[in-house]
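Me: Please take a close look at one chain of this assembly, and then describe how that part sits among its partners. I would like one connected account, with the values stated as they stand.

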Amino acid sequence: MTVFAISFDALTAADFWIGVGVLAGTYAIFTLGLQLNVGYTGIVNFGQAGFMAIGAYTMGILVVRAEWSLWAALPVATLTAMAAGVLLGLPSLRLRADYFAIVTIAFAEIVRYVAQNARGLTGGNQGLLGFDDQWLDLSDTILGWLPQAWQDQFLLPLLLVVWVTVALLTVLLILLQRSPWGRVLRAIREDEDAARALGKNVLAYKLQSIALAAALGAIAGYFLALNLSFLSPESFEPQFTFIGFTILILGGLASYVGVALGSLIIWTLLEVTRFIELPLAAEKVAALRFVIVGVALIVLVAFRPQGILGKKQEMVLRE
Amino acid sequence: MYAAARTRRLLAVGAGALVLGLAGCGSDDDDGGGGGTTTTGGGGAAQAPADTSFELTIGDLVPLTGDLSPFGPPGRKSADLAISQIEEAVREAGVDTTVSIEHRDTESSPQSAVQAARQMISGGAACLAGPWASSETLAVAESVASRQRTPIISPSSTDAAITDLDDDGFVWRTAPSDNLQSRALADTVERELGGTDFTLSLAARNDAYGQGFIEKFRTAWEEKGGRTTGPVLYDPEQPSYNSEAAEIVAGNPDAYVIIDFFETYGKMGASLVRTGEFDAGRLFTADGLASDRIPDTIPLRALAGARGTRPGAPESGATVEEFARIYRAAGGAPRQTFDAQHFDATMLCYLGALAAGSADGAEIAEQLQAVSGPPGRRFTFLELADGIRAIAAGEEVDFDGVTGPIDFDDNGDPTAATYEVYRYGADGVLRVERQFEASAAER
Amino acid sequence: MSESADTAIRPGRERLDRVAGGLGGLGGAGRGPLLVTLALVVAVALVLTIAYGLHDVAQRGVNGLVSGSYFALGAVGLTLVYGTLRLVNFAHGDLLTFGAYMAFLANVTWGLPIVVAVLFSVVVTAALGVLSERVMWRPMRGRGAGLLQLMLMTLGLAFVIRYGIQMIWGTLPRRLDVDVTASVSFLGLRIGRTELIVVVVGFVTLLSVGLMLRVTSLGRQMRALADDMALAEVTGIDTDRVIVATWIFAAGLAGLAGVLYTAAIGTMTPNLGFFLLLSLFAAVILGGIGNAYGALAGGLLLGLAQEWSTLVIDARWKVAVGFAILILVLIVRPQGLFGRGERTA
């Protein structure tokens, strides 16, 4: 009798990897925002799930309640999330890093409680449905372009769009980082006072950084919403941000490419462990899965604290 | 417009989708629902002797971690019990179906539920029993069930919104909608109090179940001319419910209506008793707080004497008793709300496949309504082997579950539900006082 | 420069006191913030009393004290570890859960009296804290791991503890052998008997911890460490011993908080501590990081804000109200109520 087994049949199925890929791509976009904030600007943004919720819900509300076109709703929702980033950053960016972290979590939780309790707008506990018709049409069109053999993989268009977005955003961010603007951000991370002494408006740069991160969070929110076809407050629990930070550290601080890699690894780990089979009660096996994830995290940080693509000298966040 | 977009999407999925895509068009009037399934002419399959030589994998989607984790283990155990009942009956009936079950954890999260559902389907599952939370069911319905043409049968998602889903006939549930349940409870309260000229204090856990139910109850009660205060909605994760409890008992209401699960009510009930004004004899509640005996995590005084409604079994309790017996005999997780509904959901997956004579999701979905309701020979899991023989012989059947006659309507909801009015005695034991029928047609 | 070299040679008690500012008393902040906070709380209470009547405001105030003491008791360990070791411990909530289940083991499984179970739970949870220090935190500090890396490890540890508990005890709610429905009545106000015990034990414990940090030599050393570990080491403090002591206090208090919390609310599940965690962080930050009295004040304020808010708006908003108050306070006072201003970035 097998004592411990992972059934590998499912792991060879294309659908499995497409599903993992969509999630990994979504979280990669989410975490690119964290990388910009934490890795390159030195601001510890723990409220990314809140920006994601604001983006996704604004999109959903505009389409379902105000009957906007999805394509018109996306830029407006992105701008709304960015405005929220500025509004949150304006009073709280002068806080110490650790205080700022908790304030941003508190902000994200407030957003989630609003999503849960402002029923007329957000659908509350019952959630929001029916915002993705235009996407499904586009998805069918994309599917039509693909080879015949792939036609039954209905998630394939989402996978392609997510990863094209990841690639574009990664390139864009790398270019931004090499621009004078990006160098100022890095200078702020290294030594805020020095940057200020050089006449840079540190707060303005930080606000821009957090607004951009909020936009990235919002974009991740759209993909989350399109993947589920459904928005509900449970999708935006702080857990989401915790996973984002895990990806960030795993991939390596101050590496945009590391984000995509970290996200792929984490989601492979999270999803492959679903297939663990043990002669134990179901909830115990389910729990074991997360024990394994926890141990993997600890071991990983212990043996490669700078992450996979991170550099040792970029590792320490200034306190 | 919406249905038209759907149809185009289905057409693009491939040749197999063509038939149902058109069917979806034909049922625009009721938003798809279960109606889409009956127009394809598949209903005739039950008349011809069914092919019983197929291999069926049923996917079991329960929350084993996260907020709803207390429901997972009893749910999974019920699914396993259903499978062993099926295997036994398959042997006895002499058909050569092979049935297996795959289990996945939904982590109480819509995203993980979707992920788990997709993985089970790609692993060969043709019918899913679950998911549990209404939010999980809504997400899986929209993004997996109708797109991957695989039926899901939720045992516990009572959210009224599921009735109106545009799901092409792939979303079903063995738990009645809050629409039905809340009106049944309002009728019960009226009868128990002897009128509606009373003020009820309403409260519920703030989630899709509690909040959806209590809002519908309030409407029903106020339509009858009764008065309400509240509802007080409380977050299930809170450390303290004292202030909420004070609001519930404030103004000395004639009765309380509280919709909750045991996990939260352990904390809320203690707070209510501590107010010194709470009298469980004036409490009305629903299926979420029904159990053979008040669990030891609930203070006795918070529930002893309380009355409530729960979906029950028609006519005799033999099915219910036998289910309780095999559940006990199997050891492991103790009873929990919705476990029997999950047992029925798993059963229906198999019966649908048997009637379809195939392990194809779309074909199973087409048969679910037919096997769950009239016309046809009625049977319960006690006569499962007979039922299997009847289906194999091409007869029409009507499966009655542990939780009631089921009889899926065009929306995939149980049509008529038998409700039991129960009351907890001072000793904490649940006693059924009477039964009545409530039917979805009233809405 | 010369001054610190000087102290390195002659570690005087005065110097230590000067170095060790915030961790113990209200030292760094002075009494100003305390008085302002008290004045504000009294003002809010007065306004509410005029609008809703004395009895309701007082009763909700009592309820606020109760949940406030849960937060405070849970938060003090978090603030100690954070203040002393710069470790943002996301596993702290799960230490509370661990404490609760240890008490369950002793009280229900072994049938020991609840008082013994509480002691057992405190000792075992403290041991777990020390173990984590030895196995994880000390080696990692030795390698110079950063704040974020350590935080990620605490997330991993949180998973291991929470789901380890679920593996052993399952997901069904459990309870301790105590009567959670008995209540005590005075002046028309009611409080649960176990809740009253939590409030009293909570206050006594937190005040003694604060006092310990202020007067004992161990406390002074902990404060010195909190201020500057390298400097503390140079001044001849046995940092290893002090760190272990910090963990014994922090984890032991977490265990105590977990048991008392469960005894007062009635049930426990493996998610118990995780659900509390954000409120604990809010209490820590509200009071000012690293400040034991601050955690007490922060916890109580959070509790009062949440419970009083139920008079004004629907109870389903009360958690959000707590977080909104946190953000407002920090906008006005970036270092938290009793934190010291000079560390503000």
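Predicted model: local features only at pLDDT ≥ 70, side-chain atom pairs only at ≥ 80, totals over all residues.

Reply: Of the 443 residues that make up chain B, 66% count as buried. In secondary structure, chain B comprises 14 helices and 14 strands.

Where the two domains of chain B meet, 18 residues of domain 1 are in contact with 19 residues of domain 2. The domain 1 side of that contact consists of 9 polar, 5 charged and 4 nonpolar residues.

B:Thr309 belongs to strand β10 of chain B, which runs over residues 307–312. Is B:Thr309 buried or exposed? B:Thr309 counts as buried because 26 C-beta neighbours lie inside 10 Å, and the cut-off for a buried residue is 20 or more. Setting aside neighbours within four places in sequence, the contacts of B:Thr309 include B:Gln181, B:Ala184, B:Leu185 and B:Thr188. B:Thr309 is also in contact with B:Ala286, and with B:Tyr419, B:Glu420 and B:Val421. By comparison, B:Pro63 stands 246 residues from B:Thr309 in sequence, and their C-alpha atoms are 25 Å apart in space.

Chain A itself contains 13 helices and 4 strands. Its C-alpha trace spans about 65 × 50 × 40 Å along the principal axes. The radius of gyration of chain A is 20 Å, which agrees with the value near 20 Å that a compact globule of 319 residues would have. Of those 319 residues of chain A, 57% count as buried. Residues 24 or more positions apart account for 76% of the chain A contacts with a separation of 6 or more.

Helix α8 of chain A (residues 180–190) shows how one helix is arranged within this chain, for A:Leu185, A:Ile188 and A:Arg189 are buried there. These three residues cover an arc of only 100° around the axis, so they lie on the same side of α8(A). A:Pro180, A:Arg183 and A:Glu190, on the other side of α8(A), are exposed. The buried residues of α8(A) pack against three helices of chain A: α1 (14–41), α9 (192–197) and α10 (202–228).

UniProt, in an unreviewed entry, lists the feature "transmembrane region" for several segments of chain A, among them residues 43–64 and 210–230. In the model, residues 43–64 of chain A are 77% helix and 0% strand, with end C-alpha atoms 35 Å apart. Residues 210–230 of chain A are 90% helix and 5% strand, and their end C-alpha atoms lie 27 Å apart.

Chain A also touches chain C, through a contact between 40 residues of chain A and 42 residues of chain C. Helices α6 (114–142), α7 (147–169), α12 (272–287) and α14 (318–332) of chain C each supply at least two residues to the chain C side, and α7(C) gives the most, with 14 residues. By class, this side of chain C has 30 nonpolar, 9 polar and 3 charged residues.

For chain C, the "transmembrane region" segments placed by UniProt (unreviewed entry) include residues 272–305 and 317–336. Residues 272–305 of chain C are 88% helix and 0% strand, and the end C-alpha atoms lie 22 Å apart. Residues 317–336 of chain C are 75% helix and 0% strand, with 23 Å between the end C-alpha atoms.

Conventions. Residues numbered from 1 in each chain as written. Chains lettered and ligands numbered in written order. Contact = placed C-beta atoms within 7 Å. Nonpolar A, V, L, I, M, F, W, Y, C, P; charged D, E, K, R; others polar. Buried ≥ 20, exposed ≤ 12 C-beta atoms within 10 Å, placed from the backbone. Arc of directions from axis to C-beta. UniProt positions renumbered as here; feature names shortened; annotations may be inferred. Rg over C-alpha atoms; globule rule 2.2 N^0.38 Å.
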